[in-house]
Amino acid sequence: MTMPDSVSGVAGRLRDVNYDLLRVVAMCLVIGVHVINNYMPVKMTLAGSAEVVRFVLFALFMVCNPLFIMVSGRFNLTFDVNKPSTDKSSSHGLKPYARYYYKRFISLIVPYLLYAGGMGFVAYLVVDHRSLGGAVSGTLFDLFSGYDDSVYWFVFMLAGFVLATPFLAVMMRAIGRSGAWLLIGLAAAVAAAEQICNLTGYPLLFLQSFPWRSLLFYYLLGYVLEFYPLSARIRHVLYAMAPFALAWTVGTRYLFPGQPAQVNRTLTVAYAIVVAAVFLFFRYDVHVKSARLRKVIIWLAGYSYTIYLVHSPLSKVLIGPRIPAPTDGWSYAGISVLMFGATLLAALLFAVIADTVVLKPVQRLLRKVRL
């Protein structure tokens, strides 16, 4: 979700708009999944075909989290402590690490503190009618306890990956193509064994201790698919397999009652095929030739992180209460589309204004600090 220099087109590199496109797609999907699954004004229980359609969309929209993770892993894992720097003093000791962490602090943590903290503080003052001191203490507790909002888990999870990235990057370069794909294969094999055991009613809990699992798998996969890419033939095979993998992912809920939906933070091979197919399609097989459209995509991608941070409170507080309650499956679908559009527009408007007035000036000031 962060955007390092190699994405932004500096240092003489031609900007790869397909990664911006991936960020825009993931941004839309994350709003979509929250609209259909979290923020409807009335939690309506659907049944029959309406619920099947809703769950298929939910499973497809949940690709948003792995997509963001894969884009972050692809660029963050290029960190190289020995890479030549224009700052000669930064090529020794701990300075390259300090610069790396500081840049990610500015791009990842500062927006979170400003937006999640600011909106939480206002909510405590205006909605909960707390005192100034109570609003400050409540906001600080929320920010550093993991926050009580269901979407901010992503920031803490990604921050953990960022902390380990300089050392993971060395490992990924050292093991090369064969080692990287072997690691991905081993992780997939353990995930497959874990799900098979779960579905058959004999869970092997020790498999959950395997470190290369869940979203960390996608963080590494984004790097591997870029620097050790698949052939066009294998990509097309994945595209053909993806609908069946999605059908299996959705079907396990009905074929094995009591099993949780395998689309959240749990890694399954079937869902990884869906994610990889979406990632590869927008990365390699969508060609944006219009210069104007490229500019729009790049512009939207620049606000994707802010939109992610603010869409939840805006949707819950400002939009949800003003949306009519659904009465059946068709009205649920129509209201979901309406709520998606309203949330996206409100979050984009907020992001454009707030980034211009608050975030970008603060980030420019912080970037003047030399480490």
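Predicted model: local features only at pLDDT ≥ 70, side-chain atom pairs only at ≥ 80, totals over all residues.
Residues are numbered from 1 along each chain as its sequence is written. Local features need pLDDT of at least 70 and side-chain atom pairs pLDDT 80 or more, while totals for chains, interfaces and linings use all residues, and side-chain values rest on heavy atoms, without hydrogens or water.

**The chain**

The chain has 13 helices and 0 strands (DSSP runs: H or I of at least four residues for helices, E of at least two for strands, numbered from the N terminus). The table gathers some totals.

| Chain property | Value |
|---|---|
| Buried residues (under 20% relative accessible area, 1.4 Å probe, protein chains only) | 47% of 371 residues |
| Accessible surface (Shrake-Rupley, 1.4 Å probe) | about 18000 Å² |
| Carbon and sulfur part of that surface | 69% |
| Mean pLDDT (confidence per residue, 0 to 100) | 84 |
| Residues with pLDDT 70 or more | 88% |

A word of care on residues 2–12: their pLDDT is below 50, and beyond near neighbours in sequence this stretch has 20 contacts in the model (heavy atoms within 4.5 Å).

**Helices α2 and α3**

Helix α2 covers residues 17–37 and helix α3 residues 48–61; their axes come within 9 Å and cross at roughly 150° (lines fitted to C-alpha atoms over the stretch in contact, with angles from 0 to 180 degrees between N-to-C directions). On the α2 side, Leu29, Gly32, Val33, Ile36 and Asn37 take part, meeting Arg54, Leu57, Phe58, Leu60 and Phe61 of α3.

Key
Buried < 20%, exposed > 50% of the residue type's maximum accessible area, 1.4 Å probe, protein only. pLDDT = per-residue confidence, 0-100.
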